[in-house]
Amino acid sequence: MPESSPVLIVGAGIGGLTLALALARRGIDVTLLEKRTALEEAGAGIQLSPNASRILIDLGLGRALSRAAGEPARLAVRSGRTGALLAASPLGETMRERYGAPYYVIHRADLQMLLLDAVRSTARIRLHFGRSIRSIDRNEADVAVTAEGMSGAETFTGRALIGADGVWSKAARLTGDSSEPVFRGHVAWRGTIEASRTPPAIAQDETGLWLGPGAHLVHYPIRNGARINIVAVTENPIAERGWSRQGDAGVCRHRFRDWPEPVRALLDQVDSWLVWSLFDRSARSRWSRGRTTLLGDAAHPVLPFLAQGGALAIEDAAVLASLLDGASDVPAALARYEALRKPRAARVQEAARSNGRTYHLGFPLSAARDVVIRRTGAALTDRYSWIYGWRPDAPAA
Ligand SMILES: Cc1cc2nc3c(=O)[nH]c(=O)nc-3n(C[C@H](O)[C@H](O)[C@H](O)COP(=O)(O)OP(=O)(O)OC[C@H]3O[C@@H](n4cnc5c(N)ncnc54)[C@H](O)[C@@H]3O)c2cc1C
């Protein structure tokens with residue numbers, strides 16, 4: 001297969017879109033296949049830590065990001081039992097100074113739109129909506145994927161195929177890994193409100209994290225402070241597959257009925273909730289087979305307790321693009337990508353799981369946790385400098 005043949009990407013989520021841009025920027029043609037007929041993101045926010053924002057800025061998205069994203073002044077951690085402030089750690093300018101890139105918060109639809117705009121204005125990228133992959137054929141010289149669309153099946157051929165199709169990855173199944181993600185009893189409730197409806201006791205310019213028994217709550221501003229994004233994570237024995245369903249506000253309020261008044265007042269303002277069952281899996285034992293590999297949630301979904309799933313997908317994209325740039329041996333480049341990324345993905349996954357355990361501790365263990373948080377104080381985010389300080393040119397964990 002000539003070096004000019006495209007790289008095939010399955011899935012136009014954060015990971016697939018970023019990879020398409022990163023490859024095109026290096027002069028590599030891309031065919032991007034997305035099963036949805038249009039990209040519509042949930043009405044929810046996403047945090048983009050410096051390890052991810054730096055990559056998007058390097059891809060030329062700095063201006064678009066600075067228009068759409070905000071930088072909360074600090075991370076404030078509070079007890080969901082007593083309401084007490086446990087610690088506050090500066091974000092904003094401090095993160096920029098420390099890590100050389102902003103800690104952004106942004107509406108998912110805005111992030112997707114700016115990635116999509118960039119993809120659409122890049123001649124090297126051919127984006128096909130409404131194409132759900134059905135089969136993958138690999139051989140030594142190339143790889144072909146057949147995708148089902150409105151007008152029947154179509155086959156695309158390229159030098160490599162990257163499965164960026166999320167936690168339920170069909171690309172992974174078609175290339176030999178049929179393991180299923182695991183539900184560990186966490187459900188995320190997501191909603192947004194107009195900032196003007198924020199209860200006075202909730203600061204609008206910070207990322208707030210409230211820790212309580214069996215649940216936690218995160219809020220931060222999006223849309224240049226015009227809206228507040230709220231994520232409440234509760235424990236629930238029953239899972240529902242799929243990205244989202246409507247949640248019953250009464251159920252959410254009931255779950256937080258014993259929490260401090262500012263939390264209850266905040267939850268009261270949310271008119272509509274989307275609910276996600278959170279699925280986890282260990283980083284797959286093998287991502288790459290010949291000319292195919294996996295990226296982002298397809299390879300290593302991350303529980304959202306560290307806000308790193310999207311960031312890792314963006315990191316994957318940067319590393320993979322640099323390894324495919326000029327690669328004469330594509331399978332070797334994909335194997336190298338997997339070897340570089342797997343330890344970091346596993347470490348971040350484990351750190352997120354660990355947060356899930358400590359965030360939800362009940363009394364009295366929560367009291368010991370709170371002492372540690374108080375002692376750490378403003379240095380709270382420093383223990384993640386190995387995450388935020390990561391750079392694609394020094395890709396080890
Ligand atoms: C509650 C919650 C909060 C989160 N908060 C953060 C945060 O603050 N920061 C952060 O970095 N991460 C966060 N994450 C994680 C982040 O959302 C995911 O890790 C990220 O979206 C993964 O991106 P991806 O591109 O790998 O997969 P996805 O976003 O799942 O994209 C996969 C794409 O593939 C397409 N697709 C699927 N199957 C097929 C097929 N057969 N054929 C073609 N296309 C297909 C899908 O339609 C989709 O467009 C959070 C997650 C949750 C649940």
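In this predicted model, the charged end of R255 sits over the ring of F256, 5.9 Å from its centre, where a charge counts as sitting over a ring if NZ of Lys or CZ of Arg is within 6 Å of the ring centre and within 35 degrees of the ring normal. R190 likewise lies over the face of W276, at 4.1 Å from the ring centre. Residues are numbered from 1 along each chain as its sequence is written. Because the model is predicted, local features need pLDDT of at least 70 and side-chain atom pairs count only at pLDDT 80 or more, whereas totals for chains, interfaces and linings use all residues; side-chain values use heavy atoms, with hydrogens and water left out.

Eight aromatic pairs are found in the whole structure, a pair being two rings of Phe, Tyr or Trp (its six-membered ring) with centres within 6.5 Å, and with planes under 30 degrees apart counted as stacked, over 60 as edge-to-face and the rest as tilted. The rings of Y103 and Y388 have centres 5.7 Å apart and planes at 85°, so this pair is edge-to-face. Both residues are buried, that is, under 20% relative accessible area, with exposed meaning over 50% and partly exposed in between (1.4 Å probe, protein chains only). Ring pairs also link Y99, Y103, Y384 and Y388 into a cluster.

A polar side-chain atom of E34 lies 2.6 Å from a ligand oxygen atom, while a polar backbone atom of K35 is 3.1 Å from a ligand nitrogen atom.

How values were computed. Polar contact = N/O pair within 3.5 Å; in protein donor to acceptor, adjacent residues only side chain to side chain.
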